[in-house]
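Take a walk through a structure with two chains in view. Keep the sequence and the 3D picture side by side as you read.

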Amino acid sequence: MDVFYPIQISVNWLVHSLFNLPQGSIFGEALNFFIYDSIKILILLAVIIFVVSYIRTYLAPEKVKRFLSRKFEFLGNMTAATIGIFTPFCSCSAVPLFIGLVESGVPLGVTFSYLIAAPLINEVAAALLWGLFGWKIALIYVASGWIISVVAGFILGKMHLEKYVEEYVYKIKMKKQAVLDKKLQKERVSEAWGETKSIIRKVFLYVLVGIALGAFIHGYAPENLLTQIAGKGNWFAVPVAVLIGVPLYANAAGMIPIVSSLIEKGLPLGTALAFMMAVTALSLPEAIILRKVMKMKLLIIYFSIVALGIMFIGYLFNFIL
Amino acid sequence: MKIKVLGSGCPNCKVLEANTKKAVEELKIKASIEKVTDIAKIMEYGIMSTPALVVNEKVVSYGKVLSSDEIKKFLK
């Protein structure tokens, strides 16, 4: 049985009995959708962010870099992408992170796998996909993001692009490794909980607005609205979605509920997934920050390969789903 | 006491700096707070995630925006 079934029952009662909006009325259905989705997604966000933040307390980049520097290439790409799942991309930390990995001898391709996975696979997006489409789609998102990170990182590694990293990066030396006192179990839990609260506080408004707009589209927009414009028959839909998505730096939290309603109206899932990935993985602010450590040529190659990977995933899912 | 806040000027780093100032004021201790924004100098401390807090040249925290109460523990 669906664990959220009791919530659906309560929301049905609230909307249809207490507010007296009959079942099947457009406003009643939209309100029901809004309340139920908001509660369900809040619960999923809390649980998933907490678990990911807890695991993250074991995976500080200062610790994992030693581990990554002695891995073989392909295995290293896989490990780096896996660690990247649990790491957020913070614009504050991208530069020191990149320099630190390069400085400690992590191969460039492995560094890229980590750098791609960190923003591409994020726990807020996973929680929202789970809430709106079910766990299978959430898993597909994480798995395909992981594959893109491994393969794109591996290809970038094989291209021997070391000369396109800004020279000063190689000159920086880390004198010693900062060592903090070992964290107690209690500290890890409280750190993870603090992180959960702060992320939810940050995204929840966007989620609510996204769900509200989604509920509106769900209730009022005509069926098959998008089938004509962006249906599977339209070959250009995937690259166009990715090209629109790359410069955007939207909040995944607000965007996914809207996209989910568009899927109901005929937007193919692969196209939608490609758009979401392009928005989260690549963005203009990220490019500006990474330009500090990468020459323009490297930045362009990096963005192109990731964008191609995302398009491939988009076509693949349009084809198999 | 010498306190350094390491960070390249992102919003999180500014919050950490403000919280540090608050902690120092509330504890009424004598301490200098310096903001380090130069990436090469930041890296010398052996950290990869900013913001970081350094007390008397020892890194006490990195990759985390500490609250002023958490900072106080490192200043005693």
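B:Pro51 sits in the loop between H2 and strand E3 (52–55) of chain B. Helices (H or I, at least four residues) and strands (E, at least two) are DSSP runs, numbered from the N terminus. The peptide bond that leads from B:Thr50 into B:Pro51 is cis, with omega near -5°.

A word on the source. This is a predicted model, in which local features need pLDDT of at least 70 and side-chain atom pairs count only at pLDDT 80 or more, while totals for chains, interfaces and linings use all residues. Residues are numbered from 1 along each chain as its sequence is written, and chains are lettered from A and ligands numbered from 1 in the order in which they are written.

B:Asn56 is not a glycine, yet its phi is positive, about 45°. B:Glu57 is not a glycine either, and it has a positive phi of about 65°. Are these residues buried or exposed? A residue is buried if 20 or more other C-beta atoms lie within 10 Å of its own, exposed if 12 or fewer, and partly exposed in between, with C-beta atoms placed from the backbone. B:Asn56 has 11 C-beta neighbours inside 10 Å, so it counts as exposed. B:Glu57 has 8 such neighbours inside 10 Å and therefore counts as exposed.

Now step back to the whole of chain B. It has 3 helices and 4 strands. Along the sequence they follow the pattern β-α-β-α-β-β-α. The radius of gyration of chain B is 11 Å, close to the 11 Å that the globule rule gives for 76 residues, so chain B is as compact as a globular protein of that length. This radius is taken over C-alpha atoms, and the globule rule is 2.2 Å times the number of residues to the power 0.38. The C-alpha trace spans about 30 × 25 × 15 Å along its principal axes. Of the 76 residues in chain B, 38% are buried.

What about contacts inside this chain? Two residues are in contact if their C-beta atoms, placed from the backbone, lie within 7 Å. Take the contacts in chain B with a separation of 6 or more: residues 24 or more positions apart account for 63% of them.

Next, look at where the chains meet. How many residues of chain B are in contact with chain A? There are 21, and they face 19 residues of chain A. Helix H1 (11–27), helix H2 (39–44) and strand E4 (58–62) of chain B each supply at least two residues of the side that touches chain A. H2(B) gives the largest share, 5 residues. By class, this side of chain B has 12 nonpolar, 8 polar and 1 charged residues. Here Ala, Val, Leu, Ile, Met, Phe, Trp, Tyr, Cys and Pro count as nonpolar, Asp, Glu, Lys and Arg as charged, and the others, Gly among them, as polar.

Cross over to chain A. A:Ala60 is in the loop between helix H2 (26–56) and helix H3 (61–69) of chain A. Leaving out residues up to four places away in sequence, A:Ala60 touches B:Ser49 and B:Gly63. A:Ala60 is partly exposed, with 19 other C-beta atoms within 10 Å. Its C-alpha atom is 9.9 Å from that of A:Phe86, which is 26 residues away along the chain.

Finish with two helix pairs in chain A. Helix H10 (residues 185–220) and helix H13 (residues 252–264) pack at an angle of about 15°, with their axes 6 Å apart. Axes are lines fitted to C-alpha atoms, for helices over the stretch in contact, and angles run from 0 to 180 degrees between N-to-C directions. H10(A) is therefore roughly parallel to H13(A). Angles under 35 degrees count as roughly parallel, over 145 as roughly antiparallel, 65 to 115 as roughly perpendicular and the rest as oblique. The contact includes A:Val203 and A:Tyr206 of H10(A) and A:Ala253 and A:Gly254 of H13(A). By class, it has 13 nonpolar, 6 polar and 1 charged residues.

The second pair is helix H6 (residues 108–120) and helix H14 (residues 269–281) of chain A. Their axes come within 8 Å and cross at roughly 115°. H6(A) and H14(A) are therefore roughly perpendicular to each other. A:Ile116, A:Pro119 and A:Leu120 of H6(A) meet A:Met277, A:Thr280 and A:Ala281 of H14(A). This contact has 5 nonpolar, 1 polar and no charged residues.
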